[in-house]
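Subject: Structure for you to look at

Hello,

Here is the structure I said I would pass on. Please open it first, then read my notes below.

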Amino acid sequence: MMRKLGTVIAAALAASCAGAAQAQVSVKLGVLNDMSGLYADISGPGSVVAAQMAVEDFKAAEKGIKAEIVSADHQNKPDTGSTIARRWYDQDGVDVILDVTTSSVALAVSEVTREKNKIFMPSGGGTSDLTGEKCTPNNVHWTYDTWALANGTGAAMTKKGGDSWFFLTADYAFGAALERDTSNAVKKAGGKVLGAVKHPLSAADFSSFLLQAQSSQAKVIGLANAGSDTINAIKQASEFGITQGGQNLAGLLIFSSDVKALGLKAAQGLVLTEAFYWDQNDATRDFSKRFAAKFGGKMPTSAQAGVYSSIIHYLKAVEATKSKDTAVVMAKMKEMPIDDPLFGKGSIRADGRAIHPMYLFEVKKPEESKGEWDLYKLVATIPTEEAFRPIEEGNCPFVKKG
Amino acid sequence: MITIFGVPSAALFGQLLLGLINGSFYAILSLGLAVIFGLLNIINFAHGALYMMGAFVAWMLLNYLGIGYWWALILAPVIVGGVGILIERNYIAPLSFSDQRQSFVLIGATAIGFLVLSFGFSLSATLAFVGAAVIGVAAASIYAWKRPSQSSTVHVDHLYGLLLTFGLALIIQGLFRNQYGVSGLPYGIPPQLAGGQQIRLFDAPIMFMPNYRAWVIVASLIVCLATWFMIEKTKLGAYLRAATENPTLVSAFGVNVPLMITLTYGFGVALAAFAGVLAAPIYSVNPNMGADLIIVVFAVVVIGGMGSILGSIVTGFTLGLVEGFTKVFYPEASSTVIFVIMVLVLLVKPAGLFGRAS
């Protein structure tokens, strides 16, 4: 880890030395996420690679910005995360913290950032509270949030005819929130929820829950869980012939790295919402192939791509304002439209939510796939204005006041 | 249709069958633990990690060497059992040696190996660590080769074995996590067992039973009964049981007790690996799969009675059934029900259902 960190710093320094003569602003960007645990494949070291690419692609040094990247592992612990954030802001002169998978850690870092008046741009962290009840003027929530996923998958599948749902819900706050948001989206789109079963966290065997879902006769089985729970549920659903029997599975929080881990044979037919997929257009393919060349052949996940794009947007704001003052840069970021090669056109709302189109994908059948990473086919594009929770429903305190 | 507490009896029957499948995993794993505890007096916390290793070895055999499921079912337990034997000889047995020179050789060779591999050859930390462990174990084995194996001269508490194996489990899991990530790896059901049958009872469809799950029940029953037969009904088993009671006396009859103990540990570990291969096609093959399961399995062993062979088999299957029931009637409690039973059993029969009070 230290060696990798060293090269990142060296690369960033080398890049910045070239234009040292005209360097006016120097910024320090901290990538904080889960480097070795449950979510390491979703963000982890890949996010650091993406951050490094953003600084290089932006040609920060030529534009008079000296950008340096540091990274750390928060081990999915809120206390570790906020300790690192404090140290970065107080001692190491970090201006922006990025990524931060795991909702609980993201919320903790968000508090520290507000207290120190710096900037927080979460990409891997998913809770919609970051731009809702727990919003701060210092947050820009980039890639996705739980509301967008629930809404995308819930509404789109209901409209496609999957109008009766049964949930397998992880028995803790996150699962309950995901089930609630998706249920609302399903009901709003005219569907109905037939039932739900709460399963313990990290359950290995889902067959019993799947049979209950099967006997409910619901057209869609929503998986309101994450990580290995989702993977196990999907793997066993295929074993019990659930998808072959005409019921559809809907993953409510699943990334391309999870689908890769499952293999297409088990995951085929799964419908999911993502903000980014590497094989969408020439720009995403170009970025992803360069990313893969630097990262052991692995294609970027949407969380990793989000780190790249959020840094580009931040650096644009720094370039335009010639400043790194939090209030000045935040105002500029929210004023400038987003025109991003990876996430398309969008903007940042007053509550800090970066909005852009979301996409509904279906996992390909093995015979449709042309390569190791050829995983998804596009089912529907959810337009920017429908993809995220309307600002007035988020109950963000400072937006209401304003 | 007859309903029981609002659940159709046919659906209930299906759920019980599923409970039995989970019970098969509990049974094989707790059987391995019981064999090891019974003979070595070691609470083997590395059992979960070795179960995970079994699944990973099956994956490696398929992806690196092209060897399929059926061979893996034999090879993975042999390979992991071999690793278990090395662990027993080089880490666990020296706990009770009065002469610690073998351990110094092990530690020294491992440390030097790690430094050379990670700086001399600039290997990644994971590979350097694995390489160093191999070098260390090889050096210690060569050192111990011609010396007569020491029988335990110092009596050590269970706690040391527990701590040691717990540490080993963390290291093994960490290495796999570093190398393969945490999302897990795909492993398919063997084509011969793909698909399934619709099970009917009096013409009422009960459930769709995947062939592979049926195979899991059959395979685990065979393995459990064979192990029970070997330990309770054969001459070898009699030696093993006698060595548990009084190792000094048995070695006075000319039986090589240390060798028997090593092989027993290897066998217990091989059982874990066998369960790992059985699990690979249906559960996510990831480095944490063992850690999630092992706590439940320990509860099963405690309920059955530490060291009781038959107890662990019967409790394994029974608790699978109980868990299956809970998943139907009150799914939120399905991960706790086993521990509730454990508390109740310990209150009433502290030695476990099948254990003997010592």
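**The sheet in chain A**

In chain A, four strands form an open sheet in the order S2-S1-S3-S4, with parallel pairing. Strands are DSSP runs of E with at least two residues, helices are runs of H or I with at least four, and both are numbered from the N terminus; two strands pair if DSSP finds at least two bridges between them. The model is predicted, so local features need pLDDT of at least 70 and side-chain atom pairs 80 or more, while totals for chains, interfaces and linings use all residues. Residues are numbered from 1 along each chain as its sequence is written, with chains lettered from A and ligands numbered from 1 in the order written.

The edges of the sheet are S2 (65-73) and S4 (119-122) of chain A, each pairing on one side only. Strand S3 (residues 96-99) of chain A pairs with S4(A) over four bridges, and A:Ile97 stands opposite A:Phe120.

**Two helices in chain B**

Helix H2 (residues 47-65) and helix H10 (residues 257-279) of chain B have axes that come within 7 Å and cross at roughly 50°. Axes are lines fitted to C-alpha atoms, for helices over the stretch in contact, and angles run from 0 to 180 degrees between N-to-C directions.

**Domains of chain A**

An automatic or database assignment gives domain 1 (2-144 + 280-355) and domain 2 (147-274 + 358-386) of chain A. Their C-alpha centres lie 29 Å apart.

Regards
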